[in-house]
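Dear colleague,

Please find below the structure that I am handing over to you.

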Amino acid sequence: MSTDAAVHAEGLVKHFGDVRALDGIDLTVERGQVVGLLGPNGAGKTTTVRILATLLQPTAGVAYVDGHDVVKEPDAVRHAIGLTGQYAAVDEYLTGRENLRMFGDLYHLSPRYVKERTAELLEWFDLSEAADRPAKTYSGGMRRRLDLAASLIAKPSILFLDEPTTGLDPRSRLGMWGVIQALVDEGTTVLLTTQYLEEADQLAQDIVVIDHGRVIAHGTADVLKDQIGGDRIEIAVTDVSRVGRAVELLRPVGTGEAIVDEARILMPVSGGSTVLVDAVRVLDSEGIEVSDIVLRRPTLDDVFLSLTGHVAEEDVPAAPKARGRGRKEKKA
Ligand SMILES: Nc1ncnc2c1ncn2[C@@H]1O[C@H](COP(=O)(O)OP(=O)(O)OP(=O)(O)O)[C@@H](O)[C@H]1O
Ligand SMILES: [Mg+2]
């Protein structure tokens, strides 16, 4: 087995009682690379990261991080990595500076080093002014930044980021992407989990899509987009109960199977904008009203939908009720 890669996992399985959280995950992250682990709620992203970070033991399979076996050499693995978990790990009652110092102590770093590194990180993450206020007074974005800063205290060469921007507003998200990119530019290897396709598209060279604890697709964003073919039309019908009939009527217009998500139909087509006219005409022949219709190139969202049968969260207006998997509760 190759252990040259920053991260190399083969056949990772994890059972929690009857739940098969991971069902044989293979994953490689080359040094200096950013890999995005993409998947809906419950896909197994956090479980994968926790195994790689030595916080959980796999039921079966092997994983090496920085060349070390995560089960047999957890201390060596911990020395190489930084982890920003899905839920902020900051202590609310400590100030930003104290939080960073605490992480430095956990890593048994010298007090002098920790003092210098803390000042450097506070500056870099734009937290210098707030450094001596308790973290409970911080905004969500500031907490996320402090959390990431804490995982960098020991200058890890491999960084695991579990949904680093969930719950952040678009501006804070952009800021976080900038920080992650800067780390990558310095040579840090990053494994990042996300449900935001745009985030994976933006940051990751390589994307691994998982669902139900299995890898269902793997490649660059372009490769994944190519997998699902050319142009598509996206049609929303006003009356959800007529979606089935709409799909039947549209079949001669398309070049392949349509994907349906509630009132939305995604259909592969060729022939440019005249297909829009054809589509509207066939639907109109039976009085099926269209609330929206567009022609577009595939995006990672289409890939996600075609692979998992779910629309990624960001593309859907707030649902009136929970719809099970694929929905995401907002996290603070
Ligand atoms: N400690 C646990 N005990 C029992 N089941 C667990 C435990 N941790 C995770 N699971 C289950 O394992 C599956 C994978 O969970 P995991 O947290 O890895 O998903 P995820 O991809 O990170 O999802 P999310 O996007 O919601 O964070 C889920 O079905 C979850 O309920
Ligand atoms: Mg998770």
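Leu 37 stands opposite Val 208 in β9. Strands here are DSSP runs of E with at least two residues, helices are runs of H or I with at least four residues, and both are numbered from the N terminus. Strand β3 (residues 34–38) and strand β9 (residues 206–211) pair in the parallel sense over 4 bridges; two strands pair if DSSP finds at least two bridges between them. β3 is also joined by 5 bridges to strand β8 (residues 189–194), and these two run parallel. In β8, Thr 194 is the bridge partner of Leu 38.

Before going further, please note that this is a predicted model, in which local features need pLDDT of at least 70 and side-chain atom pairs count only at pLDDT 80 or more, while totals for chains, interfaces and linings use all residues. Residues are numbered from 1 along each chain as its sequence is written, and chains are lettered from A and ligands numbered from 1 in the order in which they are written.

**Confidence and overall content**

The predictor's confidence in each residue is given as pLDDT, from 0 to 100. The protein chain has a mean pLDDT of 87, and 89% of its residues reach 70 or more. Over residues 314–332, pLDDT stays under 50, and the model has 22 contacts for them beyond four places in sequence. Two residues are in contact if their C-beta atoms, placed from the backbone, lie within 7 Å. Where pLDDT is low, the predicted coordinates should not be read in detail.

The protein chain contains 11 helices and 14 strands. Of its 332 residues, 41% count as buried. A residue is buried if 20 or more other C-beta atoms lie within 10 Å of its own, exposed if 12 or fewer, and partly exposed in between, with C-beta atoms placed from the backbone. Among contacts between residues at least 6 apart in sequence, 68% join residues at least 24 apart.

How many of the residues of β3 are buried? The count is 5 of 5, and the strand is mostly covered. Both of its faces are covered, with Val 34, Gly 36 and Leu 38 on one side and Val 35 and Leu 37 on the other.

Val 34 counts as buried because it has 23 C-beta neighbours inside 10 Å. Leaving aside residues up to four places away in sequence, Val 34 touches Val 184, Val 190, Leu 192, Leu 203, Ala 204 and Gln 205. Val 34 and Gln 205 are 171 residues apart along the chain, yet their C-alpha atoms are separated by 5.9 Å.

In strand β6 (residues 81–84), Ile 81 and Leu 83 point one way and Gly 82 and Thr 84 the other way, and all are buried. β6 and strand β7 (residues 158–162) run parallel and are joined by 4 bridges. Ile 81 has Ile 158 as its bridge partner in β7.

An open sheet of 4 strands has the order β2-β1-β4-β5, with antiparallel pairing. Its edge strands are β2 (19–29) and β5 (68–69), each of which pairs on one side only. Helix α1 (residues 45–52) packs on the sheet and touches β1 (7–16), β2 and β4; the direction of α1 makes about 120° with that of β1. Angles run from 0 to 180 degrees between N-to-C directions, and axes are lines fitted to C-alpha atoms, for helices over the stretch in contact.

Because 7 of the 8 residues of α1 are buried, this helix is largely enclosed by the rest of the structure. The buried residues of α1 include Val 49, Ile 51 and Leu 52. After α1 comes Thr 54, whose phi is positive, near 70°.

**Packing of helix α3**

The axes of helix α3 (residues 96–106) and helix α5 (residues 140–151) come within 9 Å and cross at roughly 30°. That makes α3 roughly parallel to α5; angles under 35 degrees count as roughly parallel, over 145 as roughly antiparallel, 65 to 115 as roughly perpendicular and the rest as oblique. Gly 96, Asn 99, Leu 100 and Phe 103 of α3 make the contact with Leu 146, Ala 149 and Ala 150 of α5.

α3 also packs with helix α4 (residues 111–124), at an angle of about 135° and with the axes 10 Å apart. That makes α3 oblique to α4.

Yours sincerely
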